[in-house]
Amino acid sequence: MDTRINKHADVIIVGTGPGGATLARELTNHGKEVLLLERGIDQRPKSYYGTYLGALIYSDRRSLLFTEEGLNIIRPLMLGGATSMYCGCAAPPPEWLKTKYQVNIDNEVAETMTELEIAPLPDDLRGKASTRIAEAGRSLGYDWTPQLKFMRPSRSKQFACGAKCMLGCRCGAKWNAAEYVDEAVEAGVKLIINARVDQVIIEGEHAIGVRGVLKGKPFQAYADKVILAAGGIGTPRILQASGLKQAGVGMTMDVTVMVYGFIKEKGIGNEPPMTWSWENPETGYMLSTLIDPWLLYPIINSLKGLRYPLYWPKWNNILGVMIKLKDEVSGGVFPNGKISKPLTNGDQVRLKQAEDVCRKILIEAGAKPDTIFMTPLRGTHPSGTVRIGTMLDSNLKTEIEHLYVCDASTFPEALDRPTVLTIIGMAKRLASQLAQ
Ligand SMILES: Cc1cc2nc3c(=O)[nH]c(=O)nc-3n(C[C@H](O)[C@H](O)[C@H](O)COP(=O)(O)OP(=O)(O)OC[C@H]3O[C@@H](n4cnc5c(N)ncnc54)[C@H](O)[C@@H]3O)c2cc1C
């Protein structure tokens with residue numbers, strides 16, 4: 001017999017990434033009774049938070065989650081979702097979201113930028129070697145600009161950001177969606193951690209609640225409205241189990257690789273990640289300054305071939321340019337637990353073009369040509385699995401009454417840029433609509 005864990009809420013929200021956390025905060029501020037369910041726990045107070053051990057503990061499959069094609073996906077499962085391990089980059093939504101899909105979140109994004117004081121890091125904190133890459137890019141005609149950040153050095157006692165920032169922020173400079181959860185809890189939201197939602201309870205054509213497993217025991221919870229914000233992999237799985245078979249058919253990822261070159265001087269490893277970027281919207285990719293954290297370097301690059309981990313002792317001398325590719329919708333998240341993300345021919349051609357540009361930039365920045373190589377593919381933006389225009393209307397509603405989705409799975413196309421600001425904007429807009 002399932003345990004019933006609430007009387008009856010106005011809204012149940014599943015997941016505490018930027019989508020769920022923002023909704024919880026905004027709806028509670030609008031006076032709604034919110035039940036917020038999260039399968040992970042709050043890892044921030046743990047001594048291992050922001051360490052390599054931590055990343056193994058709180059990432060799905062100990063960071064060894066792979067697609068059928070071998071692409072490595074990092075999927076943090078914890079309070080705050082992937083913002084606990086993100087690089088803190090911010091980007092306004094692409095114009096096509098408004099013009100092609102009628103999702104206008106300009107006001108919500110502007111409000112968030114002010115509220116969280118989103119701005120590039122100051123000149124002196126962008127890193128000498130990172131700036132060297134950006135200058136090399138500029139001298140070749142690519143207009144690199146300082147990357148907007150969800151990072152405020154003034155929030156930390158001592159700003160100590162480097163590639164390891166992706167393991168979890170220990171210095172406190174980086175904003176994390178768990179902070180919105182803290183505010184929501186203070187304002188009265190009921191947060192339950194360790195609560196994995198498996199299914200939406202649907203009666204006739206209406207969503208009336210959810211069921212899942214809480215600390216090993218089955219539970220049910222009921223509300224007037226249900227919003228899934230369990231991320232690009234979690235949300236389609238819940239919808240599939242609820243009978244919406246189209247969920248998870250097709251996926252986007254902003255497929256990511258790094259191109260490395262070695263120099264004699266210090267590289268970018270101990271500098272804040274992604275301080276400079278350049279976008280190529282015509283071809284559909286973004287470049288930025290980034291390398292793998294020290295201990296992850298040999299693990300990831302051993303997937304490329306035996307000789308690559310041997311460069312590990314030179315980790316301090318790497319210049320790295322990250323490519324984020326606007327991949328076409330392909331593959332998907334399937335009910336048997338498998339994930340597939342094949343690159344289309346078009347994706348491969350564009351990836352090669354981006355790699356050639358990276359090579360030129362790295363050589364211009366002083367890297368020896370024979371040291372340059374591209375890392376294996378990985379995915380940090382699982383998305384586009386419950387797309388606007390396919391399964392959702394432009395207000396994020398599903399075909400089921402009272403059932404909404406608000407997270408990265410809603411993207412109708414690969415965003416090809418940092419996702420979090422767009423997700424926050426969409427969540428603020430949905431909260432205002434539901435509050436009316
Ligand atoms: C290493 C890395 C670097 C990144 N860098 C950036 C960056 O610099 N800028 C940027 O904008 N984006 C970045 N991203 C991407 C960004 O963090 C994600 O796209 C974003 O957090 C997705 O938000 P979301 O709300 O869709 O889901 P998530 O953040 O994935 O949150 C989903 C939440 O739902 C919970 N959940 C899942 N399934 C269930 C279930 N069944 N029941 C209950 N709870 C569940 C999860 O535990 C999680 O807390 C990065 C990601 C990674 C991994």
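Strand 2 (residues 9-14) is mostly covered, with five of its six residues buried (buried means under 20% relative accessible area, with a 1.4 Å probe and protein chains only). Keep in mind that this is a predicted model, where local features need pLDDT of at least 70, side-chain atom pairs count only at pLDDT 80 or more, and totals for chains, interfaces and linings use all residues. Residues are numbered from 1 along each chain as its sequence is written, and side-chain values use heavy atoms, leaving out hydrogens and water.

**Around strand 2**
- Strand 2 runs parallel to strand 12 (residues 217-228), and five bridges join them (strands pair if DSSP finds at least two bridges between them).
- A9 has A223 as its bridge partner in strand 12.
- Strand 3 (residues 34-37) also pairs with strand 2 in the parallel sense, over four bridges.
- V14 has L37 as its bridge partner in strand 3.

**Around the ligand**
- The ligand is surrounded by 36 residues (each has a heavy atom within 4 Å of it), and E38, V197, A408, T419 and V420 are the closest.
- That shell holds 20 nonpolar, eleven polar and five charged residues (Ala, Val, Leu, Ile, Met, Phe, Trp, Tyr, Cys and Pro count as nonpolar, Asp, Glu, Lys and Arg as charged, and the others, Gly among them, as polar).
- Strand 10 gives the largest share of the shell, three residues.

**Backbone atoms by the ligand**
- A backbone N or O atom of V197 sits 2.8 Å from a ligand nitrogen atom.
- For A408, a backbone N or O atom is 2.8 Å from a ligand oxygen atom.

How values were computed: A polar contact is a pair of N or O atoms within 3.5 Å; within protein, one must be able to donate a hydrogen and the other to accept it, and residues adjacent in sequence count only if both atoms are side-chain atoms. Helices (H or I, at least four residues) and strands (E, at least two) are DSSP runs, numbered from the N terminus. Buried means under 20% relative accessible area, exposed over 50%, partly exposed in between (1.4 Å probe, protein chains only).
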